[in-house]
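This report walks through selected features of one protein model. Please look over the sequence and the fold before reading on.

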Amino acid sequence: MNLPVKIASRSSSLALAQIDEIIHELKAQGRVFPYEILKFETAGDKDKKTLLTKAQDDFFTDTIDQALLEGKADIAIHSAKDLPQHLSEGLKIFALTKGLDSRDAWVSPMHWKDLPRKARVGTSSVLRQKQILQLRPDLTIVEIRGSINERLQLIKKGKLDGIVVALCALKRLKLEAEIKDIFPWESMPLQGQLAVVGSIGDYELENLFAPIDVRRNFGKVILVGAGPGDPELITLKGINALQRADCVFYDYLVDADLLKHAPGAQHIYAGKRKGEHSLSQEALSRMLKEKAIAGKNVVRLKGGDPLIFGRGADEIQYLRSYHIEVEVIPGISSATGIPSSLGIPLTARGIASSVAFLSGHEEDEDKGDPKLIVLPQADTLIFLMGLTKLKIIVGSLKKSGWPKDTPMMIIANGTKPQEQIVKGTLLTIEDLAKDQNLRPPALIMAGKTIEFYMPRSQKTFLHCGTHPQLYQQLGKIMHWPMIDIKPVSMSESQQKDLLKTIESADIIVFTSWYAVEYFIKTFGGKLHEGSLQEQLKDKIFAVIGPRTQKALQEHHIQADVVAQEETAQGLLKAMTQHIDLKGKRILFPRSNLPNPFLKEALTAAGAMVTEITIYENTKPAKRDLPSENIEGVIFTSPSTVKNFLTDYGTIPGSWQIMAKGPVTLKTLQDAGYNHASSLS
């Protein structure tokens with residue numbers, strides 16, 4: 001490393017104060033070295049007339065970048081927000097500082113709240129202009145240029161009533177006395193932060209500034225496509241990302257079953273259904289940023305593919321503006337996945353050689369002035385998120401000359417158990433859709449390849465338990481949960497007592513997937529940290545069925561005993577065949593509605609059983625039964641039977657009744673439904 005280090009900078013008082021700040025931070029880290037400051041005039045310093053909204057990308061860095069590339073300077077120190085969107089080839093950011101203060105300040109003789117109508121307010125930022133007018137649309141915005149002192153002079157000369165400037169600039173110049181108010185809004189990306197830029201390959205200098213680079217502690221954000229609806233259609237890479245996540249932001253298109261792959265993560269519902277956003281896009285992007293800056297591994301789980309007709313591009317752009325690493329894991333888009341699941345090709349030789357994907361929503365859709373859609377030339381058209389715009393879509397097709405007998409199809413909740421399909425023509429599709437009372441999300445198709453569709457002859461079953469996708473081979477499955485599963489909240493002292501019980505136990509028994517997940521979730525999903533891992537490694541694990549076995553395997557735990565007969569009786573039989581139970585201490589994490597058989601039988605075999613309620617099984621609120629033609633019902637536990645009878649009194653006599661397991665079947669038979677049949 002050549003000394004002294006040549007530091008390139010603009011010549012303003014603020015730019016020189018920024019160098020002092022960097023040197024001070026390095027000294028605090030024990031990095032002291034001789035340096036020389038080289039001052040440059042950039043295009044932005046020479047040209048005080050061009051507004052920043054019209055300036056070139058490297059307006060405040062051009063000559064400095066050139067000095068670095070020509071070897072005249074070793075490093076440059078910039079206000080991070082002045083960096084061009086794309087650094088010159090051969091340059092890279094060595095360090096991004098924590099920042100002094102990211103907020104915006106109001107400088108004026110009067111407080112913001114006292115400003116008269118049409119007051120003249122100066123700012124150099126488009127973002128600030130929008131934020132100002134959101135608070136006070138009556139004000140007059142004046143775009144300004146110049147140094148902080150030059151801007152302050154505009155107030156003193158009476159040309160402006162006040163200015164909005166970066167609070168950090170006033171602090172660095174010791175001008176805090178000028179601050180009248182501080183604004184509540186989110187400021188420009190990287191405001192208050194400084195950037196150290198150098199040449200790619202200069203590892204000595206890069207290492208010199210590494211201690212003050214806040215990016216070293218950043219997490220990352222992974223945009224994961226959840227697929228078109230069926231939770232089994234997510235990619236293996238997507239599942240792996242969920243398993244490593246610290247927090248998961250998911251929207252309403254995502255099947256909740258996918259969250260089981262991230263049992264130790266924080267789950268944050270982002271909404272994103274038309275008219276029902278749980279979080280605004282701005283608030284969501286801000287939360288993604290904050291989690292990543294805090295060092296979290298963040299998954300943004302989005303329906304379909306994350307970059308098709310979502311806000312994925314907006315989220316990537318926002319996060320990259322803060323130099324946060326973003327990864328994208330593709331998903332099966334509903335635009336292709338739903339038609340494929342129905343055996344409908346989007347292109348077919350001699351029938352359709354082109355396909356176009358369109359959004360059913362335009363940016364100005366809420367302005368009360370719906371317009372016909374300009375349709376591209378294609379043989380097959382796919383409209384996403386267009387159910388509420390069906391009339392406009394049909395009108396657009398007619399105006400574009402599509403024949404009235406053009407095949408059309410609407411698929412609501414595609415690939416899910418509650419999938420609804422309406423097939424018609426351009427002439428009939430609107431009336432058919434009204435008759436079926438379709439609900440979003442829905443995909444709308446137009447084109448001749450729809451004729452490939454062949455309806456499957458299948459019965460429609462209500463599924464009253466959890467995981468309806470496991471029964472799709474029986475027919476059309478409509479999920480109608482009669483149980484609501486949620487974890488039991490444990491205090492810190494209760495968790496400590498549970499840890500003691502785990503330590504003394506010889507065997508841990510799990511009779512369901514939920515027992516595994518909520519047992520692990522009780523400890524934040526951290527089975528690979530500290531003493532808990534040590535306590536579990538010598539335990540014997542006994543479980544019911546391959547699904548519960550797999551739940552353990554996802555946390556790198558192998559079950560020693562797996563009952564293939566998925567009942568309490570089957571588990572008892574498997575345990576007695578493989579383990580001498582006499583004197584054994586057994587921990588049994590379970591729901592608040594246990595089957596007493598297993599504990600009593602294990603106790604009779606000489607074991608000492610400690611039950612602990614790890615999750616609650618409750619009845620959801622009553623709903624009116626669906627109006628569809630239901631031909632059967634599937635009950636997966638005694639509680640699903642009891643809750644259904646509590647709400648509806650009886651099971652319709654025309655329905656085929658199916659039960660999972662002998663205990664569920666006996667519950668039905670005891671209630672008088674002797675014609676019920678077993679699924680297992």
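## A buried strand residue

Ala563 lies in strand E26, residues 561-563. Strands here are DSSP runs of E with at least two residues, helices are runs of H or I with at least four, and both are numbered from the N terminus. Ala563 is buried, at a relative accessible area of 1%. Buried means under 20% relative accessible area, exposed means over 50%, and partly exposed lies in between (1.4 Å probe, protein chains only). Phe33 sits 530 residues from Ala563 along the chain, and their C-alpha atoms are separated by 68 Å.

## Basis of the model

This is a predicted model: local features need pLDDT of at least 70, side-chain atom pairs count only at pLDDT 80 or more, and totals for chains, interfaces and linings use all residues. Residues are numbered from 1 along each chain as its sequence is written, and side-chain values use heavy atoms, with hydrogens and water left out.

## The five-stranded sheet

An open sheet of 5 strands runs in the order E2-E1-E3-E10-E4, with mixed pairing. Two strands pair if DSSP finds at least two bridges between them. E2 (35-40) and E4 (91-96) stand at the edges. Each has a single partner strand, so one side of each is left without a neighbour in the sheet. On average, neighbouring strands of this sheet are turned by 30° against each other, direction ignored.

E4 pairs with strand E10 (residues 194-199) in the antiparallel sense, over 5 bridges. Lys92 stands opposite Gly198 in E10.

## Salt bridges

The structure holds 30 salt bridges. A salt bridge is a side-chain nitrogen of Lys or Arg within 4 Å of a carboxyl oxygen of Asp or Glu. One of them joins Glu21 and Arg172, with the closest N and O atoms 2.6 Å apart. Glu21 counts as buried at 15% relative accessibility. Arg172 is buried too, at 9%.

Asp647 bridges to Lys619, the closest N and O atoms being 2.8 Å apart. Again the pair links distant parts of the chain, 28 residues apart: Asp647 is in helix H20 (residues 638-648), while Lys619 is in the loop between strand E28 (608-618) and strand E29 (632-635). Asp647 counts as buried at 9% relative accessibility, whereas Lys619 is partly exposed at 35%. Lys666 and Asp670 also meet in a salt bridge (3.0 Å, N to O). Both lie in helix H21 (residues 662-670), 4 residues apart, about one turn of the helix. Lys666 is partly exposed at 48%, and Asp670 is exposed at 57%. Elsewhere, Arg10, Asp45, Lys81 and Asp82 are linked in a network of salt bridges.

## A nonpolar patch

Ile308, Phe309, Val355, Phe357 and Met385 make a nonpolar surface patch of about 380 Å². Patch residues have over 30% relative accessible area and no salt bridge; nonpolar side chains (Val, Leu, Ile, Met, Phe, Trp, Tyr) are joined within 5 Å, like charges within 9 Å. Areas come from the Shrake-Rupley method with a 1.4 Å probe. Phe357 lies in strand E16 (residues 355-359) and counts as partly exposed at 36%.

## Cysteines

How many disulfides are there? The count comes to 0, with a disulfide taken as a pair of cysteine sulfur atoms within 2.5 Å. Cys168 is buried at 5% relative accessibility. Cys464 is buried at 0%.

How values were computed. Axes are lines fitted to C-alpha atoms, for helices over the stretch in contact, and angles run from 0 to 180 degrees between N-to-C directions.
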